[in-house]
Amino acid sequence: MSSTESSSRPADKSPRQQVDQLLVGLRWQRLEEPLGFIKVLQWLFAIFAFGCCGSYSGETGAMVRCNNEAKDVSSIIVLFGYPFRLNRVQYEMPLCDDESTSKTMQLLGDFSAPAEFFVTLGIFSFFYTMAALVFYLRFHNLYTENKRFPLVDFCVTVSFTFFWLVAAAAWGKGLTDVKGATQPSSLTAAMSVCHGEEAVCSDGATPSMGLVNISVLFGFINFFLWAGNCWFVFKETPWHGQGQDQGQGPSQESAAEQGAVEKQ
């Protein structure tokens, strides 16, 4: 019994030992520094950005009342959402004649390009910041000793800054177009039955766009976070040290010349 218990105890402790080995080399103090703290904010706001945009779904609608007494009031409800390919969203337009009952229609516009670019950038930002945090915390010696890693980090940070500005602006413009195409007034304007005298159309449910509005805000917050982090990453590169050395060089030379003149 004693041998079996002694063999089972190391087996029980082995997962804990593995976790302890992974956590031994982590430098949690880096999270208190601007370089690590901003990475945490970038990781969080990337989740908020692509989560708000990618999970959105809404509905719009209209009411059609035919003047013909044989037909009742028809309620049209159209569901749409990410990736906002509205030209593939179909709905049935009622007809007020006696020959047919309805006609298949589609919403207008395809706004998937800015929406998918925005979400894809958020996902890439999420994975990069998570990998960068692990590298900062676990392999911080390599980051400080090998100057190639700060250079790569600086170039990637500048790239993400530019892409977040483009993505937030493009998605903001695309969202404005989505709002215009999904308004109930746009729905009634596209239906031919609403332009005649045989029916009376009215606006239905107005889509709630609060979640996607917040996604645009998170996009610009990500831009400012990445732009602000450029300076802190630049300070880790050898370019920042070269600038300081060049600034100190002439002052040291002038001091040496003044000392030589005083001795003469």
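This is a predicted model: local features need pLDDT of at least 70, side-chain atom pairs count only at pLDDT 80 or more; totals for chains, interfaces and linings use all residues.

**Helix α3 against α5.** I started with helix α3 (residues 112-138), whose axis comes within 9 Å of the axis of α5. The two cross at roughly 155 degrees. An angle over 145 degrees counts as roughly antiparallel, so that is how I logged α3 and α5. I also noted the handedness: α3 passes α5 in a left-handed crossing.

Sorted by class, the α3 contact with α5 has 19 nonpolar, three polar and one charged residues.

**Helix α5 against α7.** Next I followed α5 (residues 148-182) over to helix α7 (residues 210-234). Their axes come within 8 Å and cross at roughly 160 degrees. I put α5 and α7 down as roughly antiparallel, because their angle is over the 145 cut-off. The crossing of α5 past α7 is left-handed. By class I got 19 nonpolar, eight polar and two charged residues for this contact.

**The sheet.** Then I turned to the strands. In what order do the strands of the open sheet run? I read it as β2-β1-β5, three strands with antiparallel pairing. The edges are β2 (74-81) and β5 (199-203), each pairing on one side only. From one strand to the next, the twist averages 25 degrees.

I took a closer look at one pair. Strand β1 (residues 57-66) pairs with β2 in the antiparallel sense, over eight bridges. For a landmark on screen, I used Ser-57, which stands opposite Gly-81 in β2.

**Whole chain.** Last, I zoomed out. I have eight helices and five strands in the protein. Along the sequence, the pattern reads α-α-β-β-β-β-α-α-α-α-β-α-α. How much of the protein is buried? Of its 264 residues, 34% count as buried. I also checked contacts between residues at least 6 apart in sequence, and 73% of them join residues at least 24 apart.

How values were computed
Residues are numbered from 1 along each chain as its sequence is written. Side-chain values use heavy atoms; hydrogens and water are left out. Axes are lines fitted to C-alpha atoms, for helices over the stretch in contact, and angles run from 0 to 180 degrees between N-to-C directions. Helices (H or I, at least four residues) and strands (E, at least two) are DSSP runs, numbered from the N terminus. Angles under 35 degrees count as roughly parallel, over 145 as roughly antiparallel, 65 to 115 as roughly perpendicular and the rest as oblique. A crossing is left-handed if the near helix is turned anticlockwise from the far one by less than a right angle, and right-handed if clockwise. Ala, Val, Leu, Ile, Met, Phe, Trp, Tyr, Cys and Pro count as nonpolar, Asp, Glu, Lys and Arg as charged, and the others, Gly among them, as polar. Two strands pair if DSSP finds at least two bridges between them. Buried means under 20% relative accessible area, exposed over 50%, partly exposed in between (1.4 Å probe, protein chains only). Contact means heavy atoms within 4.5 Å.
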